[in-house]
Amino acid sequence: LFLRCLHGLIPPQSGRIKFAGCELDQAIIKCQSFIFQAPTVLRRTVYENLAFVARLRPEIRADETDRLLAEMRLDHLINQPARLLSGGEKQRLAMARALLTAPNLLLMDEATANLDPASVQIIEASLQTATANGVKIIIVTHDIGQARRLAHDVLFLNSGQLKEHTPAEQFFTAPHSAAASAYMRGELTTTG
């Protein structure tokens, strides 16, 4: 819900959404990409899925498509119908499409849940490259290992409320909130 609101997919029932001090609008949303837990691919080949995005955004360099196909380890599947890919391959294609738009902010909603370890590793390596290139990334995950590997900053949400906002190192060693402490001990935390 948090990410869908940030991406303008769900309007707030009350209040406003501000992003970097500005009202959320189409100009801000255009600088974002969103990767969902269940990827959607077009009824086209792997290459045509990326080419479709490139045609929508004329500022995208042609060689960027090939670079992302190689980075996502999909370059050998360019003529494969995208709908015949495995779940991990579809998610890597979704990642390539998202990065092809050169977003300032990448939103990921459990995007590596239920994927094979090789696909998770490829996606995480790509996220680290994107971060090094200045892309801000917000990942929603229940995978503590992934959070430890990737997080710089942790926002811990529980029962729809922000319970803690802490640098990652501090969160994983000494969380401040009772809910985060319980979660880190492996306890189920279902109430505020």
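**Entry 1: the largest pocket**

Which element gives the largest share of the lining of the largest pocket? I looked it up: strand 6 does, with six residues. Before going on, I noted that this is a predicted model, where local features need pLDDT of at least 70, side-chain atom pairs count only at pLDDT 80 or more, and totals for chains, interfaces and linings use all residues. Residues are numbered from 1 along each chain as its sequence is written, and side-chain values use heavy atoms, with hydrogens and water left out.

I wrote down what a pocket is: on a 1 Å grid over the protein atoms alone, an open set of points where a 1.4 Å probe fits, with protein on both sides within 12 Å along at least five of seven lines. Lining residues have an atom within 4 Å of a point. Helices (H or I, at least four residues) and strands (E, at least two) are DSSP runs, numbered from the N terminus.

The volume of the largest pocket came out at about 1400 Å³. A volume here is the space filled by probe spheres set on the points, with grid points joined across faces, edges and corners. I found 39 residues in the lining, and the closest to the centre are Ile 138, Ile 139, Val 140, Thr 141 and Leu 155. Elements giving two or more residues include helix 1 (2–6), helix 6 (117–132), strand 5 (136–140) and strand 6 (153–158). Helix 7 (144–150), strand 7 (161–167) and helix 8 (168–173) are also among them.

I sorted the lining by residue type: 22 nonpolar, 12 polar and five charged. Ala, Val, Leu, Ile, Met, Phe, Trp, Tyr, Cys and Pro count as nonpolar, Asp, Glu, Lys and Arg as charged, and the others, Gly among them, as polar.

**Entry 2: the second largest pocket**

I turned to the second largest pocket, with a volume of about 460 Å³. It is lined by 19 residues. Nearest its centre I found Phe 34, Val 53, Arg 97, Ala 98 and Thr 101. Strand 3 (32–35), helix 3 (46–56) and helix 5 (87–100) each supply at least two lining residues. Strand 3 has the largest share, four residues. The lining splits into 11 nonpolar, five polar and three charged.

**Entry 3: helix 5**

Helix 5 lines that second pocket, so I checked its burial, where buried means under 20% relative accessible area, exposed over 50%, and partly exposed in between (1.4 Å probe, protein chains only). Of its 14 residues, 12 are buried, so helix 5 is largely enclosed by the rest of the structure. Arg 97 and Ala 98 are among the buried ones.

**Entry 4: aromatic pairs**

How many aromatic pairs does a search of the whole structure find? I got four. Rings of Phe, Tyr and Trp (its six-membered ring) pair if their centres lie within 6.5 Å; planes under 30 degrees apart count as stacked, over 60 as edge-to-face and the rest as tilted.

Phe 34 and Phe 36 are stacked, 4.1 Å centre to centre with 20° between the planes. Phe 34 is buried at 12% relative accessibility, while Phe 36 is partly exposed at 30%.

Phe 156 and Tyr 183 are tilted, at 5.4 Å and 50°. Phe 156 lies in strand 6 and Tyr 183 in helix 9 (residues 178–184), so this pair ties together parts 27 residues apart in sequence. Phe 156 is buried at 9%; Tyr 183 is partly exposed at 24%. Ring pairs link Phe 156, Phe 171, Phe 172 and Tyr 183 into a cluster.

**Entry 5: salt bridges**

I counted five salt bridges, each a side-chain nitrogen of Lys or Arg within 4 Å of a carboxyl oxygen of Asp or Glu.

Glu 23 pairs with Arg 16, the closest N and O atoms being 3.2 Å apart. Glu 23 is partly exposed at 37%, and Arg 16 is exposed at 62%.

Glu 64 and Arg 67 come to 2.7 Å between their closest N and O atoms. They sit three residues apart in helix 4 (residues 62–71), separated by about one helical turn. Glu 64 is buried at 16%, whereas Arg 67 is partly exposed at 38%.

Arg 185 and Glu 187 form another salt bridge, at 2.9 Å. Finally, I noted that salt bridges with shared partners join Glu 64, Arg 67 and Glu 71 into one network.
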